[in-house]
Every structure is written in C-alpha cells, then in structure tokens.
Amino acid sequence: MIQLFHLFKNFGPNAALRDIDLRVSRGEFVLITGPSGAGKTTLLRLIFGAEKPTSGQILINSINLNRLGRASLDLLRRRIGFVFQDFKLLPKKTVFENVALALEVTGERGSIVRKKTHQSLRRVDLAQKEKAYPLSLSGGEQQRVAIARAIVKDPLILLADEPTGNLDADLTRDIITLFKNIHVKGTTIVVATHNQELFEHSGQRTVVLKRGKIVAEK
Ligand SMILES: Nc1ncnc2c1ncn2[C@@H]1O[C@H](COP(=O)(O)OP(=O)(O)OP(=O)(O)O)[C@@H](O)[C@H]1O
Ligand SMILES: [Mg+2]
C-alpha cells in the first residue's frame, strides 16, 4: 500500500529524512516513533504528497507520486485521511460542517454527505456535539473531530500525527481503541508519536526514527 525507496528530504542544509526504506502492506497498522525533530511529521507529509522528497521514490497503491501531476495527486490525496498534529479545524464552522466539508470537496451528493458525516461523528462518540464550534470543545473532543474528518471519506490510508499529543491517560486509551476499531475495518494506518509506550505490549509494528534515519524496527 505504501512503499518508500531511498527517501531523502532536506530543508536547506538540514537532512530531515535520510535514506528511508519502508513498506506498509494493505491493512497494516504501523507506529512511527522517535524523539522530537526525528522526522516523523515530515515522513507523514511526504506520504500524503504534501511535500516532495529531495530524492527517492514514494509509491502509494503502486502509484509513483513523483510521476503524478497536480490534479492526479489531488485525487489520490482524497483517498488519504490525515489527522494533523494541530488538528487544523475551521473555527467558524460547526463540528458537523468541519467533517462534512471533507466529503463535499470530493463532490459527494448532499444526502450521502449528511449520512456519512453523522456516521463518522457517531464513531468518535461526538454526535451530541455536532452543532458546537471547535473552540468550545475540549482538547480530546477536538482531537476526535479531527479523526472523524479524516475517516469520513473511508480513506485507503489513515495518517495520524501525534493523535494523543496533549491528552490524559483515559482519553489516550479511548483514542487508541478508536484507531484499533478503524483498523479492524480494513484501513491501513500509520500513526506518528513521540510516545513510544502508547501501543506497548500490543504487538504493534513499530518503526523508530532518529535524526531522519530508521534505527530500529520492532
Ligand atoms: N518546513 C520546514 N522547513 C525547515 N525545516 C523543517 C521543516 N519541516 C521540518 N523541518 C526540520 O526537519 C526535522 C524533522 O522535523 P519533523 O517535524 O518531521 O520532526 P518530528 O519528528 O515530527 O518532531 P516532533 O516530535 O517535534 O513533532 C527538524 O529538524 C525540523 O526542524
Ligand atoms: Mg511532528
């Protein structure tokens, strides 16, 4: 589903990623860990096509991102859900509108948009907050809206950047359970987190990044 070959990413003189080789199969759930600055966010952004590699190849579903034009890349990105480290919710839109928008831009019919948006909000247990505005929500609730928005289009791949960043232990457990449930439905998931213990003891495949290189796989 995701294949990375000899991937390098430089920002000016700084190497954010160095010679990354990684394969993630369809339906796999992979954790990317490593200290702050290791390159986790950069790696997710490259897989999402939001950033171009300095060199190396990225294949998503056997499609080489380097060979895609703007329009085809946009189409492919509609099949990928991204939970941003800072959520990126629109403050002037309600919870419902934030989630629905992700489907509307794909050209989906209004009735389908409404149905899937309700479904998605139910999955993250936020149906009761659909009319609320993001800034009136707690951190954990905002996090779940961001997840609902990422899964509403039934993505092939779900990428999540520090999805439990500022949450307490209980909410962290809830979010992990949510990801496991999404995974069970067949979605390929890549979660980046500096919190190594997050999925410990669960037999989770874990890739450890340090200063832009893969230093261990568990
Ligand atoms: N747009 C950018 N311009 C310049 N340097 C960047 C940019 N994005 C990332 N970097 C650099 O690339 C390196 C990796 O950053 P990245 O954000 O991928 O790390 P991270 O593992 O996600 O860290 P954190 O755990 O703090 O989120 C860092 O040294 C960072 O300063
Ligand atoms: Mg990051």
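Modeller: Angles under 35 degrees count as roughly parallel, over 145 as roughly antiparallel, 65 to 115 as roughly perpendicular and the rest as oblique. Such angles run from 0 to 180 degrees between N-to-C directions, with axes fitted as lines to C-alpha atoms, for helices over the stretch in contact. The model is a predicted one, in which local features need pLDDT of at least 70, side-chain atom pairs count only at pLDDT 80 or more, and totals for chains, interfaces and linings use all residues. Residues are numbered from 1 along each chain as its sequence is written, while chains are lettered from A and ligands numbered from 1 in the order in which they are written.

Helices (H or I, at least four residues) and strands (E, at least two) are DSSP runs numbered from the N terminus, and the chain has six helices and 10 strands.

The axes of H3 and helix H4 (residues 110-123) come within 9 Å and cross at roughly 125°; the two helices are therefore oblique to each other. Val95, Phe96, Val99, Ala100, Leu103 and Glu104 of H3 make the contact with Val113, Lys116, Thr117, Ser120 and Leu121 of H4, where contact requires C-beta atoms, placed from the backbone, to lie within 7 Å.

H3 is mostly covered, with seven of its 10 residues buried. A residue is buried if 20 or more other C-beta atoms lie within 10 Å of its own, exposed if 12 or fewer, and partly exposed in between. The buried residues of H3 are Val95, Phe96, Asn98, Val99, Ala100, Ala102 and Leu103, and their cover includes H4 and helix H5 (139-151).

Neighbours within four places in sequence aside, Ala148 is in contact with Val99, Ser120, Leu121, Arg123, Val124 and Leu126.

For the chain as a whole, 36% of the 218 residues count as buried.

Conventions: Two residues are in contact if their C-beta atoms, placed from the backbone, lie within 7 Å.
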